[in-house]
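Please look through the model first.

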Amino acid sequence: MNFDGILFFPLTPFDSGGGVSETVLAEHVASGVEHGAGGVFAACGTGEVHALSAAEHATVVRRSVEVTAGRVPVVAGAGGSVGTAVEQTRAAKELGADAVLLLPPYLVGAPQRGLVEYVRTVTSAVDIPVIVYQRGSMAFTPESAAELAGIPTVVGIKDGLGDLGRMHQIVLAVREVRGEEFTFFNGLPTAELTVAAYRGVGVPLYSSAAFAFVPEVANAFYEAFHAGDPLADRLLSGFFEPLVRLRDRVPGYAVSLVKAGARLRGVEVGGVRAPFLDPTAEEVEVLGGLIDTGLSLVKEG
């Protein structure tokens with residue numbers, strides 16, 4: 001899989017009746033592609049995959065594939081129980097997704113051998129490229145990561161742990177098995193704060209939650225960071241760091257604030273589904289101020 005640019009994790013819009021709004025979803029995905037997304041990761045964490053039915057998951061993946069029309073890779077989320085992960089992976093392939101982001105078997109603890117077997121079971125059932133999402137209960141040792149790299153259809157690892165020492169060891173171990181063809185990317189919430197550190201351990205790609213509601217700010221940071229422009233630091237201190245402090249107030253705000261930000265920008269994505277909670281009116285007001293600050297910094301820069 002070749003990704004070039006910010007990795008876009010679109011939201012799943014819900015209408016007034018609580019169902020998936022295909023129209024808003026199509027517009028949201030199209031906007032992200034037009035703003036230069038390097039890949040579209042549909043029905044993943046930011047897309048509330050945990051809260052989607054099988055039919056809704058299929059709808060989100062299908063519409064994302066249709067709208068993207070081959071311009072950038074489309075990766076669909078899958079995970080949970082082994083059965084659910086296989087079903088979602090099979091649906092993703094049938095609907096034309098280019099790959100799958102395999103999320104952890106949530107709330108289930110397992111030894112390293114069991115975690116590898118979880119991935120192996122899914123990849124054995126469906127022949128499609130798989131990116132493994134390391135986070136929560138699915139944390140790999142360098143040895144286990146190297147074993148994953150030995151599975152031909154496992155093409156990458158997304159890291160959501162933030163343990164840079166472990167990640168550096170994983171990169172080195174996997175490169176011994178697969179060379180440079182394997183993809184790594186930083187999947188921490190608000191990854192802009194850690195992009196420099198991850199780049200230092202051989203992980204240059206990252207996903208941006210901010211891209212889903214302020215692509216102008218996300219793109220400006222991406223360009224400034226790679227050019228060594230001081231604007232990157234101004235955006236970190238004026239927008240991204242305060243956003244992280246707001247995000248850390250309540251579990252689940254990594255998604256809830258993104259949806260609130262999209263609504264403030266005029267995208268009718270609706271609220272989040274349980275167990276997530278939408279931010280308070282006061283928090284939305286603070287978020288609106290951060291959006292204004294970020295856009296102003298981009299304009300000035």
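The largest nonpolar core holds 88 residues, and V119, F184, F213 and F239 have the most contacts inside it. Such a core is a set of buried Ala, Val, Leu, Ile, Met, Phe, Trp, Tyr and Cys residues joined through side-chain atoms within 4.5 Å. Buried means under 20% relative accessible area (1.4 Å probe, protein chains only). Helix α9 (residues 231–247) gives the most to this core, with seven residues.

This is a predicted model: local features need pLDDT of at least 70, side-chain atom pairs count only at pLDDT 80 or more, and totals for chains, interfaces and linings use all residues. Residues are numbered from 1 along each chain as its sequence is written, and side-chain values use heavy atoms, without hydrogens and water.

**Core**
- Beyond its neighbours within four places in sequence, F213 is in contact (heavy atoms within 4.5 Å) with F239, L243, V258, G261, A262, R265, L287 and I291.
- Another core, of 15 residues, lies apart from the largest one and includes F9, L101, L103 and L205.

**Helix pair**
- The axes of α9 and α11 (residues 281–300), lines fitted to C-alpha atoms over the stretch in contact, come within 10 Å and cross at roughly 170 degrees.
- That makes the two helices roughly antiparallel (over 145 degrees).
- Among the residues making the contact are F239 and L243 of α9 and L287 and I291 of α11.

**Whole chain**
- The C-alpha atoms fill a box of roughly 50 × 45 × 35 Å along the principal axes.
- Buried residues make up 55% of the 301 residues.

Key
Buried < 20%, exposed > 50% of the residue type's maximum accessible area, 1.4 Å probe, protein only. Helix = DSSP H or I, 4+ residues; strand = E, 2+ residues; numbered from the N terminus. Axes fitted to C-alpha atoms, helices over the stretch in contact; angles between N-to-C directions. Parallel < 35°, antiparallel > 145°, perpendicular 65-115°, else oblique.
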